[in-house]
Amino acid sequence: MDMKNSSVVTEFILLGIPHTEGLETILFVLFLPFYVCTLLGNMSILVVVISSTRLHTPMYFFLGNLSVFDMGFSSVTCPKMLFYLMGLSRVISYQDCVSQLFFFHFLGSIECFLYTVMAYDRFAAICYPLQYTVIMSSRICVVLAVGTWLLGCIHSSILTSLTFTLPYCGPNEVDHFFCDIPALLPLACADTSLAQRVSFTNVGLVSLICFLLILVSYTRITVSILSIHTTEGRRRAFSTCSAHLIAILCAYGPIITVYLQPTPNPMLGTVVQILMNVVGPMLNPLIYTLRNKEVKTALKKILHRTGHIPES
């Protein structure tokens with residue numbers, strides 16, 4: 001069915017965050033610093049990884065990819081939300097709504113794939129240290145990175161096409177702060193059961209497969225760490241994985257809460273998605289810098305060279 005012929009709606013109205021009427025200014029003042037810190041923090045990590053030759057390793061290559069993702073993921077929803085919190089229009093065009101949904105799931109699925117690749121990298125580094133440079137060569141790292149983006153594109157294209165091949169003939173008020181599948185499907189004037197089943201299965205399978213692969217990797221890593229005889233060796237091996245584990249917990253909690261509930265709770269889903277879109281991308285720079293000596297050292301060197309802090 002042709003999308004243009006089947007759709008009467010040409011724009012949607014984002015109703016925003018439920019039960020926050022009159023709190024727009026407070027929410028704007030609250031969310032703006034989070035978004036700015038997300039951009040600055042992730043840009044800082046990206047600059048550090050590119051600038052420091054000591055960080056030109058697979059682990060930090062993927063961390064740089066994660067920083068690009070976090071900036072993009074937050075920028076899919078936050079600017080429009082901040083604009084309407086300022087009192088600007090809540091209207092979003094049909095085409096922009098399609099783009100927002102596509103890039104939200106595109107970048108969101110890349111996070112799952114990227115965390116899986118990062119778990120595999122730590123598995124190779126700790127369980128096969130002598131073969132690590134061969135297992136994670138530059139060519140393989142590029143292939144894995146490109147693969148995460150291609151898989152994310154396929155995943156998001158399926159969800160977006162299923163959602164927007166449905167006819168939307170009114171009403172056009174989206175009971176959410178951005179265009180997402182659970183908020184859009186009730187507006188379709190056709191049977192949405194197929195789209196609901198496929199989206200639930202698609203998101204569920206991607207999350208489950210990635211989570212199981214991560215679980216297998218860290219099970220093997222734990223066994224290898226426990227076999228290390230020295231306390232210092234175990235501590236160093238665990239420290240390289242702890243930041244990644246914290247980030248995984250922060251990522252998978254919202255996915256399960258929002259998309260894999262048998263009976264979705266709209267208010268809970270909104271709160272969790274705000275945390276996922278606004279707070280989550282800001283936490284990754286903190287998690288990876290505060291717990292990573294190499295990143296902190298490289299950042300200090302850059303700040304010394306630029307004269308922002310004195311030599312100690």
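Me: Which strands form the sheet, and in what order?

Reply: There are 3 strands in an open sheet, ordered β2-β1-β3, with mixed pairing. Strands here are DSSP E runs of at least two residues and helices are H or I runs of at least four, numbered from the N terminus. Two strands pair if DSSP finds at least two bridges between them.

Me: Which strands stand at the edges?

Reply: β2 (91–93) and β3 (173–174) do; each has a single partner strand, so one side of each is left without a neighbour in the sheet.

Me: And how do β1 and β3 pair?

Reply: They run in the parallel sense, over 2 bridges. L14 stands opposite V174 in β3.

Me: Before we go on, what sort of model is this?

Reply: It is a predicted model: local features need pLDDT of at least 70, side-chain atom pairs count only at pLDDT 80 or more, and totals for chains, interfaces and linings use all residues. Residues are numbered from 1 along each chain as its sequence is written, and side-chain values use heavy atoms, with hydrogens and water left out.

Me: Thanks. What about phi at H19?

Reply: Phi of H19 is near 60°, a positive value in a residue other than glycine. Most residues other than glycine have a negative phi.

Me: Where is H19, then? And is H19 buried or exposed?

Reply: H19 sits in the loop between β1 (11–14) and α2 (24–51). H19 is exposed, at a relative accessible area of 64%. The cut-offs are under 20% relative accessible area for buried and over 50% for exposed, with partly exposed in between (1.4 Å probe, protein chains only).

Me: Changing topic: how many salt bridges are there?

Reply: The count comes to 2, where a salt bridge means a side-chain nitrogen of Lys or Arg within 4 Å of a carboxyl oxygen of Asp or Glu. One joins the side chains of R90 and E24, at 3.6 Å from N to O. R90 lies in the loop between α3 (58–85) and β2 while E24 is in helix α2, so the pair ties together parts that are 66 residues apart in sequence.

Me: What are the accessibilities of R90 and E24?

Reply: R90 is partly exposed at 26%, and E24 is partly exposed at 21%.

Me: Which residue does D121 form a salt bridge with?

Reply: D121 pairs with R122, and their closest N and O atoms are 2.9 Å apart. D121 is buried, with a relative accessible area of 1%, and R122 is buried at 9%.

Me: What does UniProt list as "transmembrane region"?

Reply: The unreviewed UniProt entry lists several spans, including 26–50, 62–82, 102–120 and 140–158. Its positions are given in the numbering used here, feature names are shortened, and annotations may be inferred rather than shown by experiment. In the model, residues 62–82 are 100% helix and 0% strand, with end C-alpha atoms 30 Å apart. Residues 102–120 are also 100% helix and 0% strand, and there the end C-alpha atoms lie 27 Å apart.

Me: How many residues does helix α6 have, and how far does it reach?

Reply: Helix α6 (residues 138–164) has 27 residues and reaches 39 Å from its first C-alpha to its last, close to the expected 39 Å. That expected span is 1.5 Å times one less than the number of residues.

Me: Which residues of α6 are buried?

Reply: Among them are C141, A145, T148, G152, H155 and S156. S156 has a relative accessible area of 0%. S156 touches L101, F102, F103, H105 and F106, leaving out residues up to four places away in sequence; contact means heavy atoms within 4.5 Å.

Me: How many residues are in the largest nonpolar core?

Reply: That core has 57 residues, and F31 and Y115 have the most contacts inside it. A nonpolar core is a set of buried Ala, Val, Leu, Ile, Met, Phe, Trp, Tyr and Cys residues joined through side-chain atoms within 4.5 Å. Helix α4 gives the most to this core, with 15 residues.

Me: What does F31 contact?

Reply: Setting aside neighbours within four places in sequence, F31 is in contact with I17, M81, L82, L85, I274 and V278. Another core, of 23 residues, lies apart from the largest one, and I92, C97, C179 and L185 are among its members.

Me: Last one: where is M71, and what does M71 touch?

Reply: M71 lies in helix α3 and is buried, at 13% relative accessible area. M71 touches T38, L39, N42, M43 and L46, not counting residues up to four places away in sequence.
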